[in-house]
Each structure stands twice: as structure tokens, then as C-alpha cells.
Amino acid sequence: MKQKTTTSSAPQAAVDAAGELPRTAMDFAGRYSADAIKTLSSCQGTYAAFMKQRLSEDFAMPQRLSDCKSPMEIMDVWADFYSTAMSNYMDHARNLAETGTEAVEEFVREVEVEAEEMAETTSKVLKAANANDDDTKAA
């Protein structure tokens, strides 16, 4: 009569597969955090450049006004100033919204891939655990 021997491969496979879950989640969190920091840093740089441009134009305004020779010129300078400022702010807001949208879309894509990988790892854990239960019942 042939005696069935059980090995520790099924339990070890379950332990190994289960060990992958936290590592997979932590790897993802680390990658996402680094990407988020890069995106935020880029946005801050863009905002600083925008504010530098706007402040430069704001500080030039008194000189532009002092060069005016008539009330109509003053109105034209003010109208040009506010029109340009509003256009600049709208463009900057649109660029920030696009950057934010791109970052969120990339995050969602990464979460979907990560969820699939975690589902595969979980499936391996369950299969290994079930194989261990089958081996234990057969013994």
C-alpha cells in the first residue's frame, strides 16, 4: 500500500501568496505617492510662474496709468488690464483643471491595474489554501 505523504508546499504557497498582498498594496501606495508629489510640485511651479507674470503686470499698471493723457486712455488701459488679467486667470485655471484631470485619470488606470493584480494574488492565496485543505482532508 502506497502511503500518501503531505508536503509543506501547499501551505507555503498560501503563505507566499498571502505575503504578496501587503507588498503589492505598499508598492502601489509608494508609486502613487511619488507621482502625486511630482504632480503637485509641477502645479506649484506653474502657479509660481503665473503669479510672477501677473504681479509683474500688476506692478506695471501705475506706470501705464501715469503715461495716459486723457480719461479715454485711462479707461482703455484699465479695460486692457482687466481683460488680460481675466484671460490669464481663466487660462491658468483651465490648465490646472486639465492637470488635475490627467492626474486623476492616471490614478484610476493604476488602481484598475493594481486591483487586477491583487485579485490574481488573492486567487492564488485561495487556491493554495484550498489545496492545503484538500491535502489535510485526504490525509
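Which helices each supply at least two residues of the lining of the largest pocket?

## The pocket and its helices

Two helices do that here: α1, running over 9-66, and α2, running over 71-138. Keep in mind that we're looking at a predicted model.

The pocket itself comes out at a volume of about 190 Å³.

## What lines it

## A nonpolar patch on the surface

Now for the outside. I74, W78 and Y82 make up a nonpolar patch on the surface, and together they have about 280 Å² of accessible area.

Take W78 from that trio: this residue sits in helix α2. Is W78 buried, exposed or partly exposed? It counts as partly exposed, because its relative accessible area is 33%, which falls between the 20% and 50% cut-offs.

Over in helix α1 we find D58. D58 is partly exposed too, with a relative accessible area of 28%, so it also lands between those 20% and 50% limits.

How far apart are the C-alpha atoms of D58 and F81? The separation is 8.4 Å, for two residues that are 23 residues apart along the chain.

Key. Residues are numbered from 1 along each chain as its sequence is written. This is a predicted model: local features need pLDDT of at least 70, side-chain atom pairs count only at pLDDT 80 or more; totals for chains, interfaces and linings use all residues. Side-chain values use heavy atoms; hydrogens and water are left out. On a 1 Å grid over the protein atoms alone, a cavity is a set of points where a 1.4 Å probe fits but cannot get out, and a pocket is an open set with protein on both sides within 12 Å along at least five of seven lines; lining residues have an atom within 4 Å of a point. Grid points are joined across faces, edges and corners, and a volume is the space filled by probe spheres set on the points. Helices (H or I, at least four residues) and strands (E, at least two) are DSSP runs, numbered from the N terminus. Patches are made of residues with over 30% relative accessible area and no salt bridge: like charges are joined within 9 Å, nonpolar side chains (Val, Leu, Ile, Met, Phe, Trp, Tyr) within 5 Å. Accessible areas come from the Shrake-Rupley method with a 1.4 Å probe; for residues, only the protein chains shown count as cover. A salt bridge is a side-chain nitrogen of Lys or Arg within 4 Å of a carboxyl oxygen of Asp or Glu. Buried means under 20% relative accessible area, exposed over 50%, partly exposed in between (1.4 Å probe, protein chains only).
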